[in-house]
Amino acid sequence: MKALLSTATGGPETLTLGELPRPTAGKGQIVIDVKACAVNFPDVLIIEDKYQFRPERPFAPGGEVAGLVAEIGEGVTGFKVGDRVIAGCGNGGMAEAVAVGVHNVYHLPEGYDFAEGASLLMTYGTSIHALVDRGHIGEGDTLLVLGASGGVGIAAVELGKAFGARVVAGVSSEEKAAIAREAGADEVVVYGRQPFDKDQSKELANRFKEAVGPNGANVIYDAVGGDYAEPALRSIAWEGRYLVVGFPAGIPRLPLNLTLLKSCDVAGVFWGAFVAREPDRNRANIARLFQLWEQGKIKPRVTGTYALADGGQAIAKLGDRSAVGKLVVAP
């Protein structure tokens with residue numbers, strides 16, 4: 001079968017269209033004929049050997065897919081050949097077919113687009129876990145979202161509004177500001193490109209403080225890191241929750257004296273480990289996402305679709321942070 005392959009450590013330019021053996025369904029697995037594979041920041045890291053796990057090469061990137069069930073493995077119930085599904089697979093999604101564990105496979109109802117379905121799990125799954133399980137977001141909270149025009153950022157904005165929060169979006173351009181406002185952000189802060197010197201960092205902190213208001217941000221969703229983290233932390237509310245989601249701008253060093261002064265929590269968000277450790281809680285979250293989608297409160301925003309051979313171009317856009325919304329590869 002055709003697959004976009006990582007054969008050597010490196011950037012998107014190292015990916016080549018090639019062949020892999022078609023997978024078969026092992027015990028507890030389903031084989032999916034892939035109709036769409038969403039692109040996420042872990043795809044940038046995994047081909048550079050910078051992710052939490054390193055698949056044996058050659059492998060295809062792509063951690064979430066939508067498609068049709070082609071084969072059922074031993075012990076699998078609740079699915080049949082031909083079912084429309086979405087699934088998290090870690091890697092292997094940028095191929096014509098992929099074998100996945102049934103614990104992270106979900107039915108995709110008729111009427112839902114494959115590209116949008118492929119874009120639900122990782123971004124919205126991460127964000128609902130972050131905001132609800134780790135951030136304990138509540139009605140009337142103020143939520144500050146960094147990187148609010150990307151996949152997880154848009155999901156956080158939409159979910160924040162769905163949960164009754166006032167949402168302040170942080171983005172790096174006016175184009176991205178429009179995307180954040182379209183997703184429901186109440187206010188937007190457009191910040192410059194790092195690195196920041198001390199004065200620039202202080203200025204950004206003041207802009208965040210002004211945007212979130214005098215009481216501070218009850219929840220900060222940081223999917224950016226780098227020099228943006230400390231200014232955001234300085235805008236947190238008393239007993240606020242700072243959610244560590246990702247580091248495309250680099251791993252920050254937070255001054256812990258600020259956490260003491262604000263009596264705030266810094267909480268890590270590792271959705272993949274949550275899925276593996278607590279599958280029932282994750283399934284409840286995903287069911288809630290489908291309810292919100294049906295109610296029109298969330299909707300995956302697919303802004304670009306690429307052929308399998310061009311999947312490296314989509315990954316490059318995430319790597320240089322020029323992507324807005326979700327990019328999808330269609331084998």
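A cavity, as the word is used here, is a set of grid points where a 1.4 Å probe fits but cannot get out, and its lining residues have an atom within 4 Å of such a point. The structure under discussion is a predicted model.

With a threshold of 30 Å³ or more, the count comes to one cavity. The largest cavity has a volume of about 40 Å³. Two elements each give two or more residues to its lining, namely helix H3 (121-134) and helix H4 (151-162). The largest share, three residues, comes from H4. The lining includes Thr123 and Tyr124, Gly150 and Gly151, and Ile154 and Ala155. Pro300, Arg301, Gly325 and Lys326 also line the cavity. By class, four of the lining residues are nonpolar, four are polar and two are charged. Because domain 1 (2-111 + 301-329) and domain 2 (123-271) both contribute residues to the lining, the largest cavity lies between them.

The model also contains an open sheet of six strands with parallel pairing, in the order S10-S9-S8-S11-S12-S13. Strand S10 (187-190) and strand S13 (265-268) form the edges, each pairing on one side only. From one strand to the next, the twist averages 20°. Within this sheet, strand S8 (residues 142-146) runs parallel to strand S9 (residues 166-171), and five bridges join the two. Val145, for example, has Ala169 in S9 as its bridge partner.

An unreviewed UniProt entry carries the annotation "domain: Enoyl reductase (ER)" for residues 10-329. Over residues 10-329, the chain is 33% helix and 25% strand, and the end C-alpha atoms are 20 Å apart.

Notes
Residues numbered from 1 in each chain as written. Predicted model: local features only at pLDDT ≥ 70, side-chain atom pairs only at ≥ 80, totals over all residues. Heavy atoms only, no water. 1 Å grid on protein atoms, 1.4 Å probe; cavity = no way out; pocket = protein on both sides within 12 Å on 5 of 7 lines; lining within 4 Å. Points joined across faces, edges and corners; volume = space filled by probe spheres on them. Helix = DSSP H or I, 4+ residues; strand = E, 2+ residues; numbered from the N terminus. Nonpolar A, V, L, I, M, F, W, Y, C, P; charged D, E, K, R; others polar. Domains from an automatic or database assignment. UniProt positions renumbered as here; feature names shortened; annotations may be inferred. Pairing = 2+ DSSP bridges. Axes fitted to C-alpha atoms, helices over the stretch in contact; angles between N-to-C directions.
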